[in-house]
Amino acid sequence: MAIEQVMMPQLGESVTEGTISKWLVQPGDHVNKYDPIAEVMTDKVNAEVPSSFTGMVTELVAAEGETLEVGAVICLMDIEGTGEKKESSLQEASDAVQSKPAEETETKAENKARYSPAVLKLSQEHNIDLTQVNGSGKGGRITRKDLLKIIESGEVRAPQQMAPQPKADAPEKTTAQAQAKPLVSSMPGDISMPVSGVRKAIAANMVRAKQEVPHAWTMMEVDVTNLVVRRDALKEEFKKKEGFNLTYFAFFVKAVAQALKEFPQVNSMWAGDEIIQKKEINLSIAVATDDALFVPVIKQADEKTIKGIAREIHELAGKVRSGTLKAEDMQGGTFTVNNTGSFGSVQSMGIINYPQAAILQVESIVKRPVVMPGGMIAVRDMVNLCLSLDHRVLDGLICGRFLQRVKEILENISADTSVY
């Protein structure tokens, strides 16, 4: 017989850990290779994890709600084609991934010292002494989540300023554990709601983005009267012919993709000692549900027509709301466009989708009186475009030119503009 280990997969380029939100199998269940065995949640996606083998599930190593690093064992499987010594082999495999209490004491220091690249990078950027942190990972290993808790608590200290280790007879606590929860008074009638795993993941990613990225902001006002006229003239015929809506947002996404092709510096990422200018223009679009926000990706958006972009927006939004969005739908984004205008916002400043260098908020289109050339006043359809940028990668000059180009493309839409 052969016992194989199923590992936590990497569900995104910058994803270092995932949470088992739900097991889809139980010990004793037979599964085929690629059958879904668990639902895993990260700060970027909810995805089903497929089985790596055909065989029988023998043990669920990770519990529901448990967060594990990429590559950690989540379950054991008895692979088909073998038959004898099942119990003894299973015990050996289980021992290999779950240390006995006595062994934990001996290996804890060793595991703690094996820091992942993400942990090392975060500790260096925030001057955290890793030797003074007690990890919550297996065998005391320090995870990125441990450091984010410390950073969020405001108790980050330089190595020479770290508090002494607790005495041998005192219970060990991380800095985050020692920090009391925010004191929030509760009154009769108040409702206490536990923070869901999705919300925790979003919170951790937002904290990381704000802690690591020096945000700057700029906004530009755009006259989209001609865009509104063109879209309204096409929408009914388009819906009958194509079966999905032609939205204003598709025009904005196309304009952004075209401008990024002309200003590739904006389509970049910070990588510590270098800036990576991405060749492909893959646009992340924010899609909200009642309790979460997801950012699926329109791949190679610059090569698609307005119709093609509208179709992808329709399909990706449908996947988010039906819970069928896959990990690959979330990967590869190089720039984010957020349709904040869909709920009436007229001005907002987005938090950058790490590790991208910028995010553009497309606000609500509103009718306003505008002074036209020659001094005449006319009612026009106006929209604000709000850009948040990583000031390590981008400066105001290049971002101003980029936004000016987006504005020019949108304002020059006419009755001759094709969506095909």
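**A loop residue and its surroundings**

Tutor: S364 lies in the loop that joins β17 (358–362) to β18 (366–371). Strands (E, at least two residues) and helices (H or I, at least four residues) are DSSP runs, numbered from the N terminus. This is a predicted model, in which local features need pLDDT of at least 70, side-chain atom pairs count only at pLDDT 80 or more, and totals for chains, interfaces and linings use all residues. Residues are numbered from 1 along each chain as its sequence is written, and side-chain values use heavy atoms, with hydrogens and water left out.

S364 counts as buried because its relative accessibility is 16%; buried means under 20% relative accessible area, exposed over 50%, and partly exposed in between (1.4 Å probe, protein chains only). Setting aside residues up to four places away in sequence, S364 touches G341, G344, S345, V346, M382 and V383. Contact here means heavy atoms within 4.5 Å.

Next, the nonpolar cores. A nonpolar core is a set of buried Ala, Val, Leu, Ile, Met, Phe, Trp, Tyr and Cys residues joined through side-chain atoms within 4.5 Å. The largest one has 63 residues, and L283, F335, F402 and L410 touch the most other members. Helix α8 (residues 248–262) gives the most to this core, with 10 residues. Beyond its neighbours within four places in sequence, L283 is in contact with residues including V253, V256, A257, L260, F335 and V337. A second, separate core has 20 residues, among them I37, V40, V57 and A62.
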